[in-house]
There are 2 protein chains.
Amino acid sequence: MTAKVPTAGTATVLVASNRGPVSFATAADGSLVLRRGGGGLVSGLRPVARSGATVWVCAAMSDADRHAAAAAPDGHLHRAGHDTGGATVQMLTIEPATFHLAYNTIANSVLWFIHHHLFDTPNQPWFDRPFRREWQAYVTYNEVFANALAAAAAPRAAVVIQDYHLALVPGQLRRLRPDLRIGHFSHTPWAAPSYYRVLPDDVGRELLLGMLAADCVSFLSPRWADAFLLCCEALPRADGVRVDRATATVTAAGHRSRVSVHPLGIDGEALRARGHQADVEARLAGLRDLVGDRKLIVRVDRTELAKNIVRGLAAYRELLRIHPRWHGKVVHLAFAYPSRHDLPEYRDYMAAVRQLADEINEEFAASSWTPLILEVSDDYPRSLAAYRLADVLVVNPLRDGMNLVAKEVPVLSDRGCAIVLSRDAGAVDVLGADALVVNPYDVSATAAAMNAALAMDAGERLARTRRLAAAATAVPPQQWFADQIAELNSNAVDIGW
Amino acid sequence: MTAKVPTAGTATVLVASNRGPVSFATAADGSLVLRRGGGGLVSGLRPVARSGATVWVCAAMSDADRHAAAAAPDGHLHRAGHDTGGATVQMLTIEPATFHLAYNTIANSVLWFIHHHLFDTPNQPWFDRPFRREWQAYVTYNEVFANALAAAAAPRAAVVIQDYHLALVPGQLRRLRPDLRIGHFSHTPWAAPSYYRVLPDDVGRELLLGMLAADCVSFLSPRWADAFLLCCEALPRADGVRVDRATATVTAAGHRSRVSVHPLGIDGEALRARGHQADVEARLAGLRDLVGDRKLIVRVDRTELAKNIVRGLAAYRELLRIHPRWHGKVVHLAFAYPSRHDLPEYRDYMAAVRQLADEINEEFAASSWTPLILEVSDDYPRSLAAYRLADVLVVNPLRDGMNLVAKEVPVLSDRGCAIVLSRDAGAVDVLGADALVVNPYDVSATAAAMNAALAMDAGERLARTRRLAAAATAVPPQQWFADQIAELNSNAVDIGW
């Protein structure tokens, strides 16, 4: 957390994200064990990150991370001999109490809830005096990133800052290094203006103005970009922020930002290769034994409030109640992986998921049929096997930046899979035409869509799945990232650089 | 619930509201006791209701009401000899189970929550199969009103339908009696489009199209009218609804509705007269003894989730923590009257109010000073006495159609009263310039506004209070109602009648 004097570094492309492509655990003997992460961001960045000119700046998130970062020169893991898969990773050490408040309290318990519209508004949130200390921690945590980026970036380097954890970094970095080309990318939805204004006025304003210091402010879906523009329009007149909807640009403090959409998709080839490795094949055989010749409905989520698992299970119950013809003929495999168990809302939610799952089996199970199988331990190859085998996929979030599962399943599906998809997932933009789109609050509509999905003609299902797979792979991660860099370059030309 | 064959009645002005101007209780001897209601709607209608040509149609809400209504010819209470204060009141008997589902479940637990943005969204609402039965009860309950109005209305009569309980009545009534001039008035906020779409698509659509069958759709604040227009714009294209923002008109099914704003205010003269009656004076003396020469902060609310009482008390706690100079110098009198105790959310909320009140007194009370007095038993003259004595009024709802307390206090205040007012109360439109306006989620900002209100110079406070009183009485209820009738008449001219 020492403020470095900014110097022009050597990196020409920099990525900043809270979570990096690698993390550490402490082995029984006390030594550090490196783990590689997955996900769209990591796979999108792998090719660029391997070039020596790219630096990936991330936070040390655990004691093991902090030990590894502290032992590496300037936090550069490869300089300490760690194999980061070719990427140049700089892991930032942030004081644990500051990191906790910034990450768990502000980012995940306030900003995540705001953008996903998750608060129990009569009771939460409260913005009181303790909140101010938490907010200050978020400011400090963002500053640590800004200082590190300022020190590492070559003149006019492109810096792409990821997500709601780091919304203030563009403004902080711009003040330190006005020469840089800065992008900010949101992987979440953006709140509707009527929800965004729940935030304290100064906090909501600082977040927007912080992001608007970027040259490009980007989202996964036009609906989130539109919501962002509406929030900018609602800023106090004194800020002098001008929104031009026609060109999707916002001018703040004499600086113009372009607001754009980059709908992250799937690397089809890589996913298909992974989805046919031996570990997946083994689990596929196990699932086939389990399901037999029944239809299979699958859902795969972190147990996250926005994922709407409880209403999804309730829809399955309503399906079985209304359409007894499916009794004994369908199995619902629900993967609900643990998430954020430090928050009581999430523990309560997990308990509600388990309880409803038990109720469904109590109501319908027969000696030869278990209608619902809830799995809460994370097993990636098993998830991929379920993707291949599923007849129906349920993706019914209340609100979701994109939802990559909805894009992965059509790519991996062996025999075609009908998708029941929430209209409030960003993925609906490109998948909506061939999915069965539902209002996520409407349990009955979701049950009806499940029934239609189960009954869908095999030929239609396969044809839809092919179109869904094509749409899902239209912007693979490499392209998604390259588009952002190209946009930063073209934007620089636009404004006279 | 018998569907009457519509016949042209004799009433030229009709009012429909769930709750009427009178209600009944059963005395110990089994006889019915009539009670007169209060509030803006009743006082606004008293003058017109006394003319024989006006009929007020309302629901029997209790067993006593149903007995009274059943014993009166066609539900007309005056024909059974009840003294309705000169108004012609027709009380409709609705089958109790239907009424319960329509009123408690749909109107108060779904529509109220939608328009006030009150749901704990990860867990509520659920729209499942039982919901469909509840919704059907709401349709039926609205039909009972539509049938009664159709039978009672003279040709081309003006019918003003009140509130979210009766949103389908304009459409149902239009089909029965195309000749009528129909208005609908919402006393609540209207949901933002991002919240309104939580409703099942067909339900949200039926409610909007039902209201759009009225000639005038009216709200208490431009912000609620704007939200309604935005929801209309979001209707499926197939409905062919056209919204003209410039003229605030909506055309649906060939029928044009005007969307207008009538900001209900206070009858200053009547309120001042009531506020100086002997019962109020007696309570004023009691309050003076209680408060002594301390400053008095007052709040008066039903214990309603949207009223945001808990955060208001938390703000008072933060005031006392940050500004010890007020210790022993201020008393907060919080009137929190019971409301909707049949709903667990409301019971929990009342418990949270009590607990926080206890915590505040435990933290700060001294032998000679009780910092917070929570009163939960309703006592109207005592409320009026508090209005007169208050130095500071706190009105911090999360969302409120208008909030008449914020308008009543300046009218009654003896020595001037500073108002801390939520920016999401409709009253802020006319009171905002002279109130201290706060974000209701921001406990710290509310505490700071309380501090500024307590410290406000007496001269400024009085000058503000006079301006607030003038603004609050600009549209007294009689005028408010007359404006709506005049608008219905002018609208009829507009469209060629």
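Hi everyone. Let me start with contacts: among those in chain A with a separation of 6 or more, 77% are between residues 24 or more positions apart. Before going further, please keep in mind that what you see is a predicted model.

Staying with chain A as a whole, we have 18 helices and 17 strands. The radius of gyration is 23 Å, close to the 23 Å that the globule rule gives for 497 residues, so chain A is as compact as a globular protein of that length. If you like to think in boxes, the C-alpha atoms of chain A fill one of roughly 70 × 55 × 45 Å along the principal axes. And 61% of the 497 residues in chain A are buried.

Chain A has an open sheet of nine strands with mixed pairing, and the order reads S5-S4-S1-S6-S7-S8-S11-S10-S9. Which strands stand at the edges? They are S5, residues 88–92, and S9, residues 242–244, of chain A. Each has a single partner strand, so one side of each is left without a neighbour in the sheet. On average, neighbouring strands of this sheet are turned by 20 degrees against each other, with direction ignored.

Let's look at the S5 end. Strand S4 of chain A, residues 54–59, runs parallel to S5(A), and five bridges join the two. To find your way in the pairing, pick Val55(A), which stands opposite Thr88(A) in S5(A).

Over to chain B for a helix pair. H13(B), residues 380–389, and H14(B), residues 405–412, pack at an angle of about 65 degrees, and their axes are 7 Å apart. The crossing of H13(B) and H14(B) is right-handed. Who meets whom there? From H13(B) we have Leu384(B), Tyr387(B) and Arg388(B), and they meet Val405(B), Glu408(B), Val409(B) and Leu412(B) in H14(B). Sorted by class, this contact of H13(B) with H14(B) has five nonpolar residues, two charged ones and no polar ones.

Last topic: the backbone, for those of you who like checking torsions. Most residues other than glycine have a negative phi, and most peptide bonds are trans. Here are some exceptions. In chain A, the peptide bond from Gln124(A) to Pro125(A) is cis, with omega near 0 degrees. Pro125(A) sits in the loop between helix H3 (96–116) and helix H4 (129–152) of chain A. In chain B, the bond from Gln124(B) to Pro125(B) is cis too, with omega near -5 degrees, and Pro125(B) lies in the loop between H3 (96–116) and H4 (129–152) of chain B.

As for phi, Asp163(A) has a positive value near 80 degrees. This residue belongs to the loop between strand S6 (153–162) and helix H5 (169–176) of chain A. Is Asp163(A) buried or exposed? With a relative accessibility of 11%, Asp163(A) counts as buried, because the cut-off for that is under 20%. Another positive phi, near 50 degrees, belongs to Ala248(B). You will find Ala248(B) in the loop between strand S9 (242–244) and strand S10 (249–252) of chain B.

Conventions. Residues numbered from 1 in each chain as written. Chains lettered and ligands numbered in written order. Predicted model: local features only at pLDDT ≥ 70, side-chain atom pairs only at ≥ 80, totals over all residues. Heavy atoms only, no water. Pairing = 2+ DSSP bridges. Helix = DSSP H or I, 4+ residues; strand = E, 2+ residues; numbered from the N terminus. Axes fitted to C-alpha atoms, helices over the stretch in contact; angles between N-to-C directions. Left-handed = near helix turned anticlockwise from the far one by under 90°. Contact = heavy atoms within 4.5 Å. Nonpolar A, V, L, I, M, F, W, Y, C, P; charged D, E, K, R; others polar. Rg over C-alpha atoms; globule rule 2.2 N^0.38 Å. Buried < 20%, exposed > 50% of the residue type's maximum accessible area, 1.4 Å probe, protein only.
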